[in-house]
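Good morning, and thank you for coming.

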Amino acid sequence: VDVVVVTRGGGSSDDRLTFNLEPAVRAILRSPHPVITALGHLKNLHIADEVADLALATPTAAAVHLGKEWLRAIETIDRLRGSLLRSYRSLLAGKTQQFRDADGVLSRAAITALNRRFDRLRVADRDLDRRSPMARLGDRRVTLVRLTSALDSSMDRRMERGRSRLQRAD
(Lines give C-alpha, C1' and ligand atoms only; values in the text may rest on other atoms or scores of the structure.)
Protein backbone atom coordinates (compact mmCIF):
# COMPACT_ATOMS: atom_id res chain seq x y z
CA VAL A 1 0.00 0.00 0.00
CA ASP A 2 1.40 3.38 -1.02
CA VAL A 3 -1.63 5.53 -0.28
CA VAL A 4 -5.17 5.09 1.02
CA VAL A 5 -7.92 6.91 -0.89
CA VAL A 6 -11.22 7.37 0.94
CA THR A 7 -13.76 8.35 -1.68
CA ARG A 8 -17.46 8.56 -2.36
CA GLY A 9 -18.94 10.10 -5.42
CA GLY A 10 -22.29 11.89 -5.60
CA GLY A 11 -25.22 11.34 -3.29
CA SER A 12 -26.84 13.53 -0.72
CA SER A 13 -25.11 15.23 2.20
CA ASP A 14 -26.74 12.74 4.54
CA ASP A 15 -25.00 9.90 2.67
CA ARG A 16 -21.64 11.49 3.42
CA LEU A 17 -22.24 12.02 7.16
CA THR A 18 -20.45 8.72 7.79
CA PHE A 19 -17.18 10.58 7.17
CA ASN A 20 -17.86 12.78 10.19
CA LEU A 21 -18.19 9.85 12.60
CA GLU A 22 -15.49 9.18 15.17
CA PRO A 23 -14.57 5.61 14.04
CA ALA A 24 -13.92 6.77 10.46
CA VAL A 25 -11.88 9.77 11.65
CA ARG A 26 -9.82 7.61 14.07
CA ALA A 27 -9.14 5.04 11.34
CA ILE A 28 -7.73 7.81 9.12
CA LEU A 29 -5.60 9.15 11.97
CA ARG A 30 -4.20 5.68 12.77
CA SER A 31 -3.37 4.81 9.18
CA PRO A 32 0.34 4.08 8.70
CA HIS A 33 -0.02 5.24 5.10
CA PRO A 34 -0.88 8.66 3.68
CA VAL A 35 -4.65 9.18 3.33
CA ILE A 36 -6.39 11.19 0.60
CA THR A 37 -10.07 12.01 0.89
CA ALA A 38 -12.22 12.72 -2.15
CA LEU A 39 -15.69 12.70 -0.73
CA GLY A 40 -17.68 14.62 -3.19
CA HIS A 41 -17.47 18.44 -3.09
CA LEU A 42 -15.17 20.57 -0.96
CA LYS A 43 -18.05 22.92 -0.13
CA ASN A 44 -19.27 20.10 2.12
CA LEU A 45 -16.21 19.65 4.35
CA HIS A 46 -16.10 16.63 6.60
CA ILE A 47 -13.99 15.88 9.65
CA ALA A 48 -12.34 13.12 7.61
CA ASP A 49 -11.13 15.81 5.16
CA GLU A 50 -9.65 17.78 8.07
CA VAL A 51 -7.55 14.88 9.39
CA ALA A 52 -6.52 13.42 6.00
CA ASP A 53 -3.10 14.14 4.51
CA LEU A 54 -4.77 15.60 1.43
CA ALA A 55 -8.41 16.47 0.72
CA LEU A 56 -9.55 16.69 -2.90
CA ALA A 57 -12.95 17.61 -4.29
CA THR A 58 -13.90 14.51 -6.28
CA PRO A 59 -12.81 10.94 -6.96
CA THR A 60 -11.75 12.08 -10.43
CA ALA A 61 -9.53 14.77 -8.88
CA ALA A 62 -7.94 12.08 -6.65
CA ALA A 63 -7.27 9.86 -9.68
CA VAL A 64 -5.78 12.76 -11.66
CA HIS A 65 -3.63 13.78 -8.67
CA LEU A 66 -2.35 10.23 -8.10
CA GLY A 67 -1.68 9.78 -11.83
CA LYS A 68 0.41 12.96 -11.88
CA GLU A 69 2.25 11.88 -8.74
CA TRP A 70 2.99 8.48 -10.27
CA LEU A 71 4.28 10.12 -13.46
CA ARG A 72 6.43 12.47 -11.36
CA ALA A 73 7.72 9.51 -9.37
CA ILE A 74 8.53 7.58 -12.55
CA GLU A 75 10.33 10.62 -14.00
CA THR A 76 12.28 11.01 -10.76
CA ILE A 77 13.20 7.32 -10.80
CA ASP A 78 14.31 7.57 -14.44
CA ARG A 79 16.36 10.68 -13.69
CA LEU A 80 17.93 9.07 -10.63
CA ARG A 81 18.58 5.86 -12.58
CA GLY A 82 20.40 7.88 -15.27
CA SER A 83 22.36 9.75 -12.62
CA LEU A 84 23.22 6.50 -10.87
CA LEU A 85 24.33 4.93 -14.16
CA ARG A 86 26.52 7.94 -14.99
CA SER A 87 28.00 7.87 -11.50
CA TYR A 88 28.63 4.14 -11.75
CA ARG A 89 30.33 4.52 -15.13
CA SER A 90 32.44 7.38 -13.83
CA LEU A 91 33.39 5.40 -10.74
CA LEU A 92 34.16 2.36 -12.84
CA ALA A 93 36.34 4.41 -15.20
CA GLY A 94 38.20 5.91 -12.23
CA LYS A 95 38.72 2.52 -10.61
CA THR A 96 39.84 1.05 -13.94
CA GLN A 97 42.43 3.81 -14.29
CA GLN A 98 43.56 3.28 -10.69
CA PHE A 99 43.87 -0.43 -11.45
CA ARG A 100 45.98 0.29 -14.55
CA ASP A 101 48.17 2.69 -12.58
CA ALA A 102 48.58 0.17 -9.77
CA ASP A 103 49.32 -2.56 -12.30
CA GLY A 104 52.09 -0.42 -13.81
CA VAL A 105 53.55 0.36 -10.40
CA LEU A 106 53.36 -3.31 -9.42
CA SER A 107 54.97 -4.42 -12.69
CA ARG A 108 57.84 -1.95 -12.27
CA ALA A 109 58.30 -3.01 -8.65
CA ALA A 110 58.33 -6.68 -9.65
CA ILE A 111 60.90 -6.03 -12.38
CA THR A 112 63.06 -4.05 -9.94
CA ALA A 113 62.79 -6.79 -7.32
CA LEU A 114 63.64 -9.49 -9.88
CA ASN A 115 66.63 -7.50 -11.15
CA ARG A 116 67.92 -7.14 -7.58
CA ARG A 117 67.49 -10.88 -7.02
CA PHE A 118 69.34 -11.63 -10.27
CA ASP A 119 72.15 -9.27 -9.23
CA ARG A 120 72.41 -11.04 -5.88
CA LEU A 121 72.38 -14.37 -7.65
CA ARG A 122 75.21 -13.27 -9.95
CA VAL A 123 77.26 -12.07 -6.96
CA ALA A 124 76.58 -15.33 -5.11
CA ASP A 125 77.45 -17.32 -8.23
CA ARG A 126 80.78 -15.47 -8.60
CA ASP A 127 81.48 -15.96 -4.88
CA LEU A 128 80.68 -19.64 -5.20
CA ASP A 129 82.96 -19.91 -8.23
CA ARG A 130 85.77 -18.29 -6.24
CA ARG A 131 85.26 -20.67 -3.33
CA SER A 132 84.90 -23.85 -5.35
CA PRO A 133 87.62 -26.52 -5.01
CA MET A 134 88.48 -26.12 -8.69
CA ALA A 135 88.97 -22.36 -8.29
CA ARG A 136 91.09 -22.92 -5.17
CA LEU A 137 93.11 -25.53 -6.98
CA GLY A 138 93.63 -23.10 -9.85
CA ASP A 139 94.75 -20.40 -7.38
CA ARG A 140 97.13 -22.91 -5.74
CA ARG A 141 98.55 -23.86 -9.16
CA VAL A 142 99.18 -20.22 -9.96
CA THR A 143 100.85 -19.79 -6.58
CA LEU A 144 102.86 -22.98 -7.14
CA VAL A 145 104.02 -21.79 -10.57
CA ARG A 146 104.99 -18.41 -9.10
CA LEU A 147 106.83 -20.01 -6.18
CA THR A 148 108.52 -22.54 -8.48
CA SER A 149 109.63 -19.71 -10.72
CA ALA A 150 110.90 -17.75 -7.71
CA LEU A 151 112.69 -20.85 -6.40
CA ASP A 152 114.27 -21.46 -9.80
CA SER A 153 115.40 -17.85 -9.96
CA SER A 154 116.77 -18.03 -6.43
CA MET A 155 118.63 -21.26 -7.18
CA ASP A 156 120.00 -19.83 -10.40
CA ARG A 157 121.35 -16.82 -8.48
CA ARG A 158 122.93 -19.03 -5.78
CA MET A 159 124.45 -21.26 -8.39
CA GLU A 160 125.81 -18.25 -10.15
CA ARG A 161 127.28 -16.91 -6.89
CA GLY A 162 128.75 -20.32 -6.13
CA ARG A 163 130.42 -20.46 -9.57
CA SER A 164 131.73 -17.00 -9.13
CA ARG A 165 133.33 -17.96 -5.79
CA LEU A 166 134.80 -21.08 -7.25
CA GLN A 167 136.32 -19.16 -10.12
CA ARG A 168 137.78 -16.62 -7.75
CA ALA A 169 139.08 -19.35 -5.53
CA ASP A 170 140.95 -21.02 -8.38
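I shall speak about the confidence of the model, then its sheet, and then its salt bridges.

This is a predicted model, in which local features need pLDDT of at least 70, side-chain atom pairs count only at pLDDT 80 or more, and totals for chains, interfaces and linings use all residues. Residues are numbered from 1 along each chain as its sequence is written, and side-chain values use heavy atoms, with hydrogens and water left out.

Let me start with confidence. The term pLDDT stands for the predictor's confidence in each residue, from 0 to 100. For the chain, the mean pLDDT is 90, and 97% of the residues reach 70 or more. Helices here are DSSP runs of H or I with at least four residues, and strands are runs of E with at least two, numbered from the N terminus.

Next, the sheet. In what order do the 3 strands of the open sheet lie? The order is E1-E2-E3, and the pairing is parallel; two strands pair if DSSP finds at least two bridges between them. Strand E1 (4–7) and strand E3 (54–56) are at the edges with a single partner strand each, so one side of each has no neighbour in the sheet. On average, neighbouring strands are turned by 20° against each other, direction ignored. E1 is joined to strand E2 (residues 35–38) by 4 bridges, and Val4 has Val35 in E2 as its bridge partner. Helix H3 (residues 59–131) packs on this sheet and touches E1, E2 and E3, where contact means heavy atoms within 4.5 Å. The direction of H3 makes about 140° with that of E2; axes are lines fitted to C-alpha atoms, for helices over the stretch in contact, and angles run from 0 to 180 degrees between N-to-C directions.

Finally, the salt bridges. A salt bridge is a side-chain nitrogen of Lys or Arg within 4 Å of a carboxyl oxygen of Asp or Glu, and the count comes to 7. One of them joins Glu69 to Arg72, with the closest N and O atoms 2.9 Å apart. These two residues are 3 residues apart in helix H3, about one helical turn. Another links Asp119 with Arg122, at 2.5 Å. Asp127 and Arg131 also meet in a salt bridge, at 3.2 Å from N to O, and a network of salt bridges links Asp127, Arg130 and Arg131.
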